[in-house]
Amino acid sequence: MAKLQKSIDKRNALVKATIDLVNNNGFHDTPMSKIAKMANVSPATIYLYFENKQDLVNQTYIEVKSEYTKYAFETYNENMSVSEGFEIIWKRIADFKLKECDQAMFLAQCDNTPMIDEPSRLEGIKHLQPLLDLWERGKKEGVIKPISDYLLYAYSINPLSFLMILQKRGVFQIEKSHIEEAYQAAWNSIKVND
């Protein structure tokens with residue numbers, strides 16, 4: 001049992017080192033040797049858990065995306081109204097991005113790089129299915145604008161990454177009132193005007 005836990009700890013250290021190094025150096029300046037050193041394991045140990053750097057990055061992306069969406073949808077119920085459901089999900093996403101800033105920064109990097117392969121990207125999108133289903137229902141009910149889900153995401157969710165990065169750089173301190181203002185702006189950008 002202790003051996004299994006040690007193995008899990010090593011893998012987790014590799015994932016954490018990958019997130020930290022990618023956030024600070026980008027994907028291309030994060031060689032396997034640096035990941036191993038930061039995780040305090042030998043470079044050969046990485047290959048016990050991952051085929052190569054691509055596999056390490058893809059698996060890390062999927063794991064972080066899974067944690068992110070699990071948190072986002074934890075208090076959501078598909079029987080909620082579209083507006084109530086969106087507010088719950090959006091505020092949980094905002095909370096995750098502010099509390100789990102390193103993981104959220106990693107996901108933002110992954111969204112803007114060709115480093116993540118297409119099967120992993122599609123797997124990541126599957127984790128967003130409750131939000132996509134909510135938007136689909138909202139479109140059918142005439143509550144959500146009948147536009148691409150990519151546009152809905154760009155207008156309503158992506159601005160959170162921008163605010164998170166500003167806060168991380170010390171340029172802008174996000175207060176509770178800002179969260180409410182940002183939510184209202186997000187909702188207004190995707191809802192059908194009355």
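Helices here (H or I, at least four residues) are DSSP runs, numbered from the N terminus. This is a predicted model, where local features need pLDDT of at least 70, side-chain atom pairs count only at pLDDT 80 or more, and totals for chains, interfaces and linings use all residues. Residues are numbered from 1 along each chain as its sequence is written, and side-chain values use heavy atoms, with hydrogens and water left out.

A pocket is an open set of points on a 1 Å grid over the protein atoms alone, where a 1.4 Å probe fits, with protein on both sides within 12 Å along at least five of seven lines; lining residues have an atom within 4 Å of a point.

**Second largest pocket**
- The lining includes Asn12, Lys16, Glu63, Glu67 and Asp102.

**Largest pocket**
- About 460 Å³ of space sits in this one.
- Its lining runs to 17 residues, with Asp111, Ile125, Leu128, Tyr150 and Tyr153 nearest the centre.
- Elements giving two or more of those residues include helix H4 (53–73), helix H6 (101–111) and helix H9 (149–156).
- H9 gives the most, with four residues.
- By class, the lining has ten nonpolar, four charged and three polar residues.

Conventions
Grid points are joined across faces, edges and corners, and a volume is the space filled by probe spheres set on the points. Ala, Val, Leu, Ile, Met, Phe, Trp, Tyr, Cys and Pro count as nonpolar, Asp, Glu, Lys and Arg as charged, and the others, Gly among them, as polar.
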